[in-house]
Amino acid sequence: MPDAGKFRVSGLALMGDHPDFATVSFDTAHPLADDRLYLIPPNDEPFPLSPFCLLSDCPACLAPELYYPDRMTSSTALLKSLDRGHELDSDSVFKALREWGTS
């Protein structure tokens, strides 16, 4: 089997200095999570950018947007989109940042 140990990945790529997206496909040695953003260095394994950057559909405009943690409350992380300034709550980012900050 020539493709044993390879995973075909299809996703959205950030293009240029404006968070615009293009569809891409590539092979990787490890499966990638559906809801994560990765840095894909040349000739190396994808590096996860979560929880510092994530791609999510905006609940207000339903378009994919690039989000970053803007601030945290006592129970959730408040994310802000890079392009439009839309806000999103994330319990998973809150948990990941709390764990990262205590390790």
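How much accessible surface does the protein chain have, and what share of that surface belongs to carbon and sulfur atoms? In this predicted model, the accessible surface of the protein chain comes to about 7,200 Å², and 54% of that area belongs to carbon and sulfur atoms; accessible areas come from the Shrake-Rupley method with a 1.4 Å probe, and for residues only the protein chains shown count as cover. Residues are numbered from 1 along each chain as its sequence is written, and side-chain values use heavy atoms, with hydrogens and water left out. As the model is a predicted one, local features need pLDDT of at least 70 and side-chain atom pairs count only at pLDDT 80 or more, whereas totals for chains, interfaces and linings use all residues.

The protein chain contains one helix and eight strands, where helices (H or I, at least four residues) and strands (E, at least two) are DSSP runs numbered from the N terminus. Along the sequence, these elements follow the pattern β-β-β-β-β-β-β-β-α. The C-alpha atoms fill a box of roughly 50 × 35 × 20 Å, taken along the principal axes. Of the 103 residues, 21% count as buried; here buried means under 20% relative accessible area, exposed means over 50%, and partly exposed lies in between (1.4 Å probe, protein chains only). Among the contacts with a separation of 6 or more, 19% link residues 24 or more positions apart, a contact being defined by heavy atoms within 4.5 Å.

Strand β7 (77-81) is mostly covered, with four of its five residues buried. Five bridges join β7 to β6, and these two strands run antiparallel; strands are said to pair if DSSP finds at least two bridges between them. In the hairpin of β7 and β8, which has five residues between the strands, Gly85 takes a positive phi near 75°.

Helix α1 (residues 91-102) has 12 residues, which should span 16 Å at 1.5 Å a residue, and the distance of 17 Å between its end C-alpha atoms agrees with this; the expected span is 1.5 Å times one less than the number of residues. Val93, Phe94 and Leu97 are the buried residues of α1. Seen down the helix axis, these buried residues fall within an arc of 105°, so they line one face of the helix, the arc being that of the directions from the helix axis to the C-beta atoms. They pack against β5 (54-57), β6 (64-72), β7 and β8 (87-90), while Asp91, Ser92, Lys95 and Thr102 are exposed on the other side of α1.

In the loop between β4 (47-48) and β5 lies Pro51, and the peptide bond from Ser50 to Pro51 is cis, with omega near 10°. In the loop between β5 and β6 lies Leu62, which has a positive phi of about 65° although it is not a glycine; at 67% relative accessibility, Leu62 counts as exposed.

A search of the whole structure finds zero disulfides, a disulfide being a pair of cysteine sulfur atoms within 2.5 Å. The sulfur of Cys58 is 3.7 Å from the closest cysteine sulfur, in Cys61, which is too far for a bond. Cys58 is buried, with a relative accessible area of 2%, whereas Cys61 counts as partly exposed at 34% relative accessibility.
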